[in-house]
Amino acid sequence: MAAISLSLSPNPSFTTTTTHKPSHPLSTPTFLKFPTVSPSTIKSLTHAPLLQTPTLRATFSTRAAASTTPSTTFHGLCYVLNDNIDTDQIIPAEYLTLVPSNPSEYEKLGSYALCGLPDAYSTRFVDPDETKSKYSIIIAGANFGCGSSREHAPVALGAAGVAAVVAESYARIFFRNSVATGEVYPLESEVRVCEECKTGDVVSIELSESRLINHTTGKEYTLKPIGDAGPVIKAGGIFAYAREAGMIPTLTSS
């Protein structure tokens with residue numbers, strides 16, 4: 001094969017020339033031969049399926065513990081509140097520096113529970129110099145726990161000794177925080193029980209029967225079932241429930 005050499009002049013000029021079409025069509029040079037490939041020799045690309053690691057999903061249907069409502073009964077004095085009790089009234093922002101995982105600070109949170117209520121509530125929820133309240137059940141109106149999303153609100157109530165809250169309705173974030181922390185049972189009433197009970201009435205809650213009994217007045221009220229949230233609260237919160245259900249490893253001391 002002859003070598004082709006190119007030379008460049010220092011001052012190249014460009015001219016346009018007319019090229020003539022060859023009298024015969026271009027053809028493949030005789031010295032270039034391309035192998036013919038039979039279609040049967042071409043194999044499609046295949047790959048083995050990827051092995052996927054199964055993803056663990058937290059559900060409330062694992063194990064029998066999550067399928068039934070806990071058979072729990074609460075009994076004690078009730079503290080009655082009206083509508084729109086917000087989280088700043090439940091636990092003012094100035095006490096959010098307290099760390100609930102610290103036992104002494106957890107008690108302090110309880111001593112400040114509902115200290116932000118307006119002066120219209122003349123009866124204190126927690127007596128001075130006490131960390132626990134004598135009222136173990138709160139009965140409230142609509143939109144209980146509205147305001148900021150601080151999870152200190154249900155924690156403060158639980159630290160004060162509250163077992164359950166019965167309200168006409170809840171702010172969604174308070175309901176969720178109550179379940180996640182496992183501090184109190186947020187129960188919903190079918191009617192405005194807050195208008196038929198008074199602070200200091202002796203009441204009982206039959207959780208499995210979704211029933212509130214006011215022993216002072218002799219009246220009974222139907223509550224909405226707590227459903228799948230019940231076992232989570234009974235376990236002590238979402239993480240404790242997940243460990244019991246085998247969703248996450250159980251903590252062991254080394």
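Strand β6 (residues 211–214) pairs with β7 in the antiparallel sense, over four bridges. Two strands count as paired if DSSP finds at least two bridges between them. Strands (E, at least two residues) and helices (H or I, at least four) are DSSP runs, numbered from the N terminus. Within this pairing, Leu 212 has Tyr 221 of β7 as its bridge partner.

This is a predicted model: local features need pLDDT of at least 70, side-chain atom pairs count only at pLDDT 80 or more, and totals for chains, interfaces and linings use all residues. Residues are numbered from 1 along each chain as its sequence is written, and side-chain values use heavy atoms, with hydrogens and water left out.

Now step back to the whole sheet. It is open and has seven strands, in the order β4-β3-β2-β1-β5-β6-β7, with mixed pairing. The edges belong to β4 and β7 (219–222). Each has a single partner strand, so one side of each is left without a neighbour in the sheet. From one strand to the next, the twist averages 30°. Axes here are lines fitted to C-alpha atoms, for helices over the stretch in contact, and angles run from 0 to 180 degrees between N-to-C directions.

Next, the charged side chains. Side chains of opposite charge can pair when their charged atoms come close. A salt bridge here is a side-chain nitrogen of Lys or Arg within 4 Å of a carboxyl oxygen of Asp or Glu. The whole structure holds seven salt bridges.

One of them joins Arg 192 to Asp 83, with the closest N and O atoms 3.1 Å apart. Arg 192 lies in the loop between β4 (185–188) and β5 (202–206), and Asp 83 in the loop between β1 (73–80) and α1 (87–90), so the pair ties together parts that are 109 residues apart in sequence. How accessible are the two partners? Arg 192 is partly exposed, at 25% relative accessible area. Asp 83 is also partly exposed, at 32%. The cut-offs are under 20% for buried, over 50% for exposed, and partly exposed in between (1.4 Å probe, protein chains only).

Arg 192 also forms a salt bridge with Glu 195, at 2.7 Å between the closest N and O atoms. Glu 195 is exposed, at 58%. A network of salt bridges links Asp 83, Glu 168, Arg 192 and Glu 195.

Another salt bridge brings Arg 150 and Asp 88 together (3.1 Å, N to O). This pair links distant parts of the chain, 62 residues apart: Arg 150 is in the loop between β2 (135–140) and α3 (152–159), and Asp 88 is in helix α1. Arg 150 is buried, at 16%, whereas Asp 88 is partly exposed, at 38%.
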